[in-house]
Amino acid sequence: MSNFSPSYSTHLSHSQLYQQYSETAQNREILSQSCSDTLSIYEELPVPLSPVPSSLAPSPSSPRLSISLTQSPSLWQEIPEVRNSAEFGELTNDQRRLQEVQFEVVTSEASYCRSLDIVVDHFVKSKQLGELLTTQDRSWLFSRLADVRAISHSFLSKLEERVESDMMHFTVCDIIARHCQRFKKVYVPYLTNQSYQDATYQRLMDENQGFRRVVEKLERSPVCQRLPLRSFLILPFQRITRIKLLVQNIVKRTAQGTEEEVQAIKAMKLLERLIQESNDSITQMKSIESLVSLSARVDFECRTLPLVSQSRRLVREGPVTEMMDFSVKETERSVYLHLFNDYLLLSLHKEGGRFTVIDHAPVSELRAENCRVKLHSLEKNLFRLHLNKKALLLSTDTQ
């Protein structure tokens, strides 16, 4: 751990890894749900952060907050400057709870940064691992972890400065709000890359024995505290949602009509927007992946239609029966429909999951008529589909 720079040692020296913090937080929330709604100040306090073994921790630096944390306080009220302050006794329980939640933003961010340092310095920068990865695999596997770490450390530094400036009445939501734009630049691409990251990791572990051996060797290092690489790769997913939950808690505990409430609500909305944009980006990426996959499996018997488009998404797909001649059953044939938000494809399903497209039309030019009738003693959903100046009689067993 000696490779951590002194400027980061304020919190890193005495915080557990974020994976351990997340597990503690989850267990605590499960426990709280099984308890009475009437909780004491201590039962409602944030997640305690356990100290790491001294043999694994670097020497701390000397700022006032660092000095306080060398005694490994789990809670804001355990910091000596807070505990020994005459002002502490004058605070209401609600005010203490609010400071504890805000302090958890800082301590959990320190825990998060410590885990990010390990994954970047121990795994991403590993020469042994680097020699086994292609440029593309490295990009998919580690994405922008180094950028996530840089922004997280900058964020932590601002949080620490705020706490040190007013230990008794510090706030954090305005700092969170100011950092949301920077968070967006690294978190949206990282979260969007998840499917590639998972697939790359699994493929390398299954097919590249050298990669597996080096990863397992790195995981056995004491610095990882027996935690696997995969647990480090999912940290950004866990962190961004956890910050949102903490800010929601701050909003609930902040006095109404105050500037602090304005900043807390602003931070909460910005985080919600960031997470929504990430979800939208993930959905779009998956949609493009499915279009690329389908495009490789279709042949056009009619005029060609480029399938891959960022604005196109699959709405529904499935087989239907085309009634070529309503009176002659032998003239039925199976047709496969791909309904997109902007186009409809009619195909013949071939072996090997391939399709031959026999017709397609913009959704805006389609018209359908319900023609439910009894056919050969089976109740079927029959409809007439009008497209490209012709009409097809189609039958399906489902609505």
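Modeller: Buried means under 20% relative accessible area, exposed over 50%, and partly exposed in between (1.4 Å probe, protein chains only). This is a predicted model, in which local features need pLDDT of at least 70 and side-chain atom pairs count only at pLDDT 80 or more, while totals for chains, interfaces and linings use all residues. Residues are numbered from 1 along each chain as its sequence is written, and side-chain values use heavy atoms, with hydrogens and water left out.

Biologist: Is E277 buried, partly exposed or exposed?

Modeller: E277 forms a salt bridge (a side-chain nitrogen of Lys or Arg within 4 Å of a carboxyl oxygen of Asp or Glu) with K184, at 3.0 Å from N to O. K184 lies in helix α9 (residues 173-192) and E277 in helix α14 (residues 259-295), 93 residues apart; helices (H or I, at least four residues) and strands (E, at least two) are DSSP runs numbered from the N terminus. Because its relative accessibility is 27%, E277 counts as partly exposed.

Biologist: Which side chain meets R239 in a salt bridge?

Modeller: R239 is buried, with a relative accessible area of 0%. Its partner, at an N to O distance of 2.8 Å, is E109.

Biologist: Which strand holds the partner of K390, D359?

Modeller: The side chains of K390 and D359 form a salt bridge at 3.0 Å, N to O. K390 lies in strand β9 (residues 390-396), so the pair ties together parts 31 residues apart in sequence, and D359 lies in strand β5.

Biologist: How many salt bridges are there?

Modeller: Salt bridges with shared partners join D117, D121, K125 and R149 into one network. The count of salt bridges comes to 16.
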